Amino acid sequence: GGGIYVTDGVTSLFGSTIVRENSGGGIYVAESATLTLAETCRVTSNRALPPEMGGGITTYHEGTVTLLGADPSPIVVNNCPDNCQGPIDKCAATPVECTD
């Protein structure tokens with residue numbers, strides 16, 4: 001499950017892209033992939049499975065994510081159990097309590 005799985009190359013999300021209410025996490029960026037999200041995008045209300053992964057965005061190995069705009073970013077919010085897993089600058093660190 002999950003919303004978007006990026007494993008190679010460069011991917012950019014712009015406009016009013018919304019990644020919402022996915023079971024399995026919102027976005028997973030692995031290996032040498034690079035993902036850039038415009039400040040108008042939203043990654044919200046996603047739930048990680050298993051819980052060790054980030055609910056909003058997870059980076060793995062050399063995966064890189066850039067959040068454009070304000071710091072902390074309003075892009076990745078209200079994900080369970082957390083917004084980001086891995087080194088993602090500008091990611092809001094506020095955890096969300098998971099409910100069934």
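Biologist: How far apart are the mean positions of the positive and negative charges of the chain?

Modeller: They are 10 Å apart, for 4 positive and 11 negative charges. Lys and Arg count as positive, Asp and Glu as negative, while His and the chain ends are not counted. Each charge is placed at NZ of Lys, CZ of Arg, CG of Asp or CD of Glu. Please remember that this is a predicted model, where local features need pLDDT of at least 70 and side-chain atom pairs pLDDT 80 or more, while totals for chains, interfaces and linings use all residues. Residues are numbered from 1 along each chain as its sequence is written, and side-chain values use heavy atoms, without hydrogens and water.

Biologist: What makes up the secondary structure of the chain?

Modeller: There are 0 helices and 10 strands. These are DSSP runs, numbered from the N terminus: H or I of at least four residues for helices, E of at least two for strands.

Biologist: Which strands form the open sheet, and in what order?

Modeller: The order of this 4-stranded sheet is S1-S4-S7-S10, with parallel pairing. Strand S1 (4-6) and strand S10 (84-85) are its edges, each pairing on one side only.

Biologist: How do you know that strands S4 and S7 pair, and how many bridges join them?

Modeller: Pairing takes at least two DSSP bridges. Strand S4 (residues 27-29) and strand S7 (residues 57-59) run parallel and have 3 bridges, therefore they meet the definition. Val-29 stands opposite Thr-59 in S7.

Biologist: Why is Gly-54 called buried?

Modeller: Buried means under 20% relative accessible area (over 50% is exposed, in between is partly exposed; 1.4 Å probe, protein chains only). Gly-54 has 3%, so it counts as buried. Across the chain, 40% of the 100 residues count as buried.

Biologist: Where does Gly-54 lie, and what does Gly-54 touch?

Modeller: Gly-54 sits in the loop between strand S6 (42-44) and S7. Leaving aside residues up to four places away in sequence, Gly-54 touches Gly-25, Ala-48, Asp-82 and Gln-85, where contact means heavy atoms within 4.5 Å. Gly-86 is 32 residues from Gly-54 in sequence, with 8.1 Å between their C-alpha atoms.
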